[in-house]
Amino acid sequence: MDTRDYRRAIGSFPTGVTVVTAYDTDHQPWGLTANSFTSVSLEPPVVSVCIAKSGRVFPTLSMSGHFAVNILSAAQRDLALHFASNVENRFTDTEWTAGHTAPHLPGAAAHLDCIVHDRVDAGDHEILLGRVQHYAHRSVPPLVYCRGTFFAAPQTEALT
Ligand SMILES: Cc1cc2nc3c(=O)[nH]c(=O)nc-3n(C[C@H](O)[C@H](O)[C@H](O)COP(=O)(O)O)c2cc1C
């Protein structure tokens, strides 16, 4: 398979954009940009995100019992790039709050605080399943990603 062409094929699928965060054993914040986020189950509330095993954040996410999913707003495009960059400590020049059990990025469209439900080995990634314990959301346009480009989703009210 031509890997670059394959990436173009799967990149045709539009997604939202998240920053997944956790604390390491020294309570230092870690986080990375991830668009592999999916809501898996409503009863119980379980979400998934796929984390590259080769990444610097993987050791923290593979050991922590908790993580948070920050669903980015359209205004947070620069944060999406920052948390995908090679910056040594992504939280140094970033506004963040402690959250319930993992760091939160203020201004996000939604926050989900999760306890690890399960981990599934999947090739060069691990599927991290989290049971949502707390959540919050705001009526701001979410950030969308497709074919390597960021877009703003239209302003809509949350579904009732
Ligand atoms: C829009 C976007 C979505 C991404 N989605 C994921 C993802 O779902 N899982 C993943 O492991 N990396 C994903 N990445 C790549 C990581 O954010 C990037 O490789 C980051 O540098 C990894 O950080 P680390 O090496 O500190 O772990 C994505 C990058 C971008 C720009």
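How many helices and strands does the protein chain have? I looked this up before anything else, keeping in mind that the model is predicted. The protein chain has three helices and 10 strands, and when I followed the elements from the N terminus on, I wrote down the order α-β-β-β-β-β-α-β-α-β-β-β-β.

**Overall form**

I then turned to the dimensions of the protein chain, whose C-alpha atoms fill a box of roughly 40 × 40 × 40 Å along the principal axes. The radius of gyration is 15 Å, and because a compact globule of 160 residues would have a value near 15 Å, I noted that the two agree. I also looked up burial, and buried residues make up 28% of the 160 residues. As for contacts with a separation of 6 or more, 63% of them are accounted for by residues 24 or more positions apart.

**Strand β2 and its partners**

Is strand β2 mostly covered or mostly open? I found that β2, which spans residues 18–23, is mostly covered, with five of its six residues buried. I traced its pairing with strand β3 (residues 29–34), which is antiparallel and runs over six bridges, and in β3 I found Leu 32 standing opposite Val 20. The hairpin of β2 and β3 has five residues between the strands, and there I noted that His 27 takes a positive phi near 65°. β2 also pairs with strand β6 (residues 66–71), again in the antiparallel sense but over four bridges, and Thr 18 stands opposite Ile 71 of β6.

**Around the ligand**

Which residues come nearest to the ligand? Of the 16 residues around the ligand, I listed Ala 34, Ser 36, Ala 52, Gly 55 and Arg 56 as those that come nearest. When I asked which strands contribute to this shell, I noted that β3 and β5 (46–52) each supply at least two of its residues. By class, the shell divides into 11 nonpolar residues, four polar ones and one charged one.

**The three-stranded sheet**

Finally I looked up an open sheet of three strands, which has the order β1-β9-β10 and antiparallel pairing. Its edge strands are β1 (15–16) and β10 (149–152), each of which pairs on one side only. Between strand β9 (residues 143–146) and β10 I recorded four bridges in the antiparallel sense, and Cys 146 stands opposite Thr 149 in β10.

Methods: Residues numbered from 1 in each chain as written. Predicted model: local features only at pLDDT ≥ 70, side-chain atom pairs only at ≥ 80, totals over all residues. Rg over C-alpha atoms; globule rule 2.2 N^0.38 Å. Buried ≥ 20, exposed ≤ 12 C-beta atoms within 10 Å, placed from the backbone. Contact = placed C-beta atoms within 7 Å. Pairing = 2+ DSSP bridges. Near = placed C-beta within 6 Å. Nonpolar A, V, L, I, M, F, W, Y, C, P; charged D, E, K, R; others polar.
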